[in-house]
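Subject: Structure handover

Dear colleague,

I am passing on the structure that you will be working with, and below it you will find an account of what turned up when I went through it. Please read the two side by side.

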Amino acid sequence: MTDEAKRQNRDGKLPGGRSRRDFVAMSLAAGLAAVAGSASNSEPSITESDVNVPTPDGICDAVFIHPKMGSHPGVLIWHDSPGLRPAMRELGRRIAGEGYSTLVPNLFYRAARAPVFDASFDYANNPADREKYRRITAPFFAPGASERDAVAYIAFLDAQRQVNKKKRIGTHGYCLGGPYVMRTAAAAPDRVGAGASFHGGFLVTDKPSSPHLLAPKIKARLYFAIASDDDKREPEVKNRLKEAFAAAHVRAEIEVYPNALHGWCVPDSGAADNRADAERAWSKLVALYKQAL
């Protein structure tokens with residue numbers, strides 16, 4: 001089992017402390033709430049469609065969400081461990097509503113189409129489900145896989161008429177997806193203008209493949225929002241990030257949220273009741289994109 005997978009399933013739970021059964025139920029509720037909210041408006045301002053994105057490793061199922069009119073900067077979202085589900089679509093709709101053409105891919109497409117985990121999934125108590133999780137996530141964690149994906153996702157965005165190719169692309173990720181913001185910025189340095197990680201895991205490791213070591217290849221502006229419990233467990237991460245970006249002359253802000261727990265930015269997380277800090281993190285993301293894209 002990879003280090004990333006271990007982190008996502010510490011104590012047999014998902015980010016925010018909920019079981020997989022909990023997150024599926026909450027995801028469905030979030031999706032229904034979002035649909036109800038859209039239905040209350042006479043004319044939604046954004047368009048959402050399921051798409052298939054060709055990659056070197058196969059076909060990735062994804063959702064593409066964009067304003068109804070015009071072309072806009074592209075945004076790529078890297079989801080967290082539970083995968084592409086209503087909560088991630090909700091976050092995609094929200095950033096699209098700010099004026100961005102947004103792609104939210106199923107990062108586990110090599111193993112299964114989304115939704116990957118259903119309501120019966122029980123990582124904590126079912127050994128067969130734990131093995132299923134390892135099997136599904138392993139291809140994504142393979143060396144070089146995410147970089148190939150990132151280039152393919154950017155190519156897809158650039159092929160869409162709703163994406164303004166004169167503007168640079170933004171990318172942000174949650175938990176499992178956090179480090180892949182750096183990998184994306186390094187894989188396409190002349191295309192990616194901004195990136196943000198929210199309670200990202202394994203941003204800094206002692207391996208030669210650690211994401212923070214990619215700093216010399218990055219030209220984007222970056223923002224890192226770190227949960228208090230993550231910082232308590234790994235207090236050196238923020239400092240090593242700062243050192244790496246300073247040495248590479250990368251404009252980066254690294255911020256610890258003292259009252260926020262891991263997962264607080266994702267609507268169906270157990271930590272999502274901290275709305276004040278979630279909204280603050282969101283405002284930082286929007287400000288970053290407005291300034292850098």
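Two strands are said to pair if DSSP finds at least two bridges between them. By that rule strand β6 (residues 192–198) and β7 pair, being joined by five bridges and running parallel, and β7 in turn pairs with β8 in the parallel sense, over six bridges. Ala225 of β7 takes part on both sides, as the bridge partner of Phe198 and, towards β8, as the partner of Glu255. Because six of the seven residues of strand β7 (residues 221–227) are buried, this strand is largely enclosed by the rest of the structure.

Please bear in mind that the model is predicted. The average pLDDT of the protein is 88, and 85% of the residues score at least 70. Among the elements, strand β3 (residues 74–78) has the highest mean pLDDT, at 99, whereas helix α2 (residues 20–40) has the lowest, at 40. Over residues 1–42 the pLDDT is below 50, although this stretch has 77 contacts in the model beyond near neighbours in sequence.

Turning to the aromatic rings, the count comes to 13 aromatic pairs. In one of these pairs, Trp78 and Tyr180 are stacked, with 5.6 Å from centre to centre and 25 degrees between the planes. This pair links distant parts of the chain, since Trp78 lies in strand β3 and Tyr180 in helix α6 (residues 179–187), 102 residues apart. Both Trp78 and Tyr180 are buried. The rings of Phe224 and Phe245 have their centres 5.5 Å apart and their planes at 25 degrees, so this pair is stacked as well. Phe224 lies in strand β7 and Phe245 in helix α8 (residues 236–248), so the pair ties together parts that are 21 residues apart in sequence. Phe224 is buried, at 2% relative accessibility, and Phe245 is buried at 2% too. There is also an aromatic cluster, formed by Trp78, Phe108, Phe140, Phe141, Tyr153 and Tyr180.

A search of the whole structure finds zero disulfides; among the cysteines, Cys175 counts as buried at 1% relative accessibility, and Cys265 counts as buried at 10%. Ser269 sits in the loop between β8 (252–257) and α9 (275–292), where this residue is buried with a relative accessible area of 8%. A polar atom of the Ser269 side chain lies 3.0 Å from the backbone oxygen of Gly263.

With best wishes

Definitions and conventions: Residues numbered from 1 in each chain as written. Predicted model: local features only at pLDDT ≥ 70, side-chain atom pairs only at ≥ 80, totals over all residues. Heavy atoms only, no water. Disulfide = S-S within 2.5 Å. Buried < 20%, exposed > 50% of the residue type's maximum accessible area, 1.4 Å probe, protein only. pLDDT = per-residue confidence, 0-100. Helix = DSSP H or I, 4+ residues; strand = E, 2+ residues; numbered from the N terminus. Contact = heavy atoms within 4.5 Å. Polar contact = N/O pair within 3.5 Å; in protein donor to acceptor, adjacent residues only side chain to side chain. Phe/Tyr/Trp six-rings, centres within 6.5 Å; stacked < 30°, edge-to-face > 60°.
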